[in-house]
Amino acid sequence: MSELRELYQTTILDHNKSPRNFRVPEGANHAADGFNPLCGDKVKVHVKLEDGVVVDVGFEGSGCAISTASASMMTDAVKGRPVAEAEKLFERFHDLVTGDPLTEPEFDPEIGKLAVFAGVREFPMRVKCATLAWHTLRSAMEGSGEVAKTE
Ligand code: ZN
């Protein structure tokens, strides 16, 4: 997994340095807060939903490099997708980061660039950092308005 690990590091550094969609999208009509007490990561995800489609999405907050990079890549991955597809992508992503660290992740065309997060498998403490933005996105899409927890 050394190639993937290298890609993991460069991708996370890049997205942490210049996060994509780090903003409140114009016309956002759903939002939720997320907090990962294990690491201190805080994120707020804003979504513009129209006819069940994530038309636009952005985030704010502060956290470790993994949580920031994950939020950044998540916004790129779900923008333009129907809510149901975004939910499915979260399930796949969750499977990816919680998989057996000793096995090479299976190639999943749907996951695309998010595959670099397979590197998180080796660091179970970091799984919550990587999934925080996704949990928060789900809360935002459901519109519950509650603070998403990583439990
Ligand atoms: Zn973290």
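Asp 51 is exposed in this predicted model, with a relative accessibility of 81%. Exposed here means over 50%. Asp 51 sits in the loop between strand S2 (41-50) and strand S3 (53-62). Now look at its backbone. Phi of Asp 51 is positive, about 50°, although Asp 51 is not a glycine. Why is that worth a look? Most residues other than glycine have a negative phi.

Asn 21 also has a positive phi, near 55°, and Asn 21 is not a glycine either. Find Asn 21 in the loop between helix H1 (2-17) and strand S1 (30-36). Is Asn 21 buried or exposed? Asn 21 is buried, because its relative accessible area is 12% and the cut-off for buried is under 20%.

Next, turn to the metal. Which residues hold the protein donors of the zinc ion? They are Cys 39, Asp 41, Cys 64 and Cys 129. Along the chain, the donors follow the spacing C-x1-D-x22-C-x64-C. Cys 64 lies in the loop between S3 and helix H2 (65-78), and Cys 129 lies in helix H4, so this pair ties together parts that are 65 residues apart in sequence. Check how accessible the two cysteines are. Cys 64 is buried, with a relative accessible area of 17%. Cys 129 is buried too, at 1%.

Cys 129 leads us to helix H4. Helix H4 covers residues 127-142, and its axis comes within 11 Å of the axis of helix H3 (residues 83-97). How do the two helices run relative to each other? Their axes cross at roughly 165°. Angles over 145 degrees count as roughly antiparallel. H3 and H4 are therefore roughly antiparallel to each other. Their crossing is left-handed.

Now trace the contact itself. From H3, the contact is made by Val 83, Ala 86, Glu 87, Leu 89, Phe 90, Phe 93, His 94 and Val 97. From H4 come Val 127, Ala 130, Thr 131, Trp 134, His 135, Arg 138, Met 141 and Glu 142. What kinds of residues make up this contact of H3 with H4? They divide into 10 nonpolar, three polar and three charged. Among the nonpolar kinds are Val, Leu, Phe and Trp, and Val 83, Leu 89, Phe 90 and Trp 134 are contact residues. Glu 87 and Arg 138 are also in the contact, and Glu and Arg count as charged.

Technical notes
Residues numbered from 1 in each chain as written. Predicted model: local features only at pLDDT ≥ 70, side-chain atom pairs only at ≥ 80, totals over all residues. Heavy atoms only, no water. Axes fitted to C-alpha atoms, helices over the stretch in contact; angles between N-to-C directions. Helix = DSSP H or I, 4+ residues; strand = E, 2+ residues; numbered from the N terminus. Parallel < 35°, antiparallel > 145°, perpendicular 65-115°, else oblique. Left-handed = near helix turned anticlockwise from the far one by under 90°. Contact = heavy atoms within 4.5 Å. Buried < 20%, exposed > 50% of the residue type's maximum accessible area, 1.4 Å probe, protein only. Donors = N, O, S within 2.8 Å, 3.2 Å for Na, K, Ca; no water.
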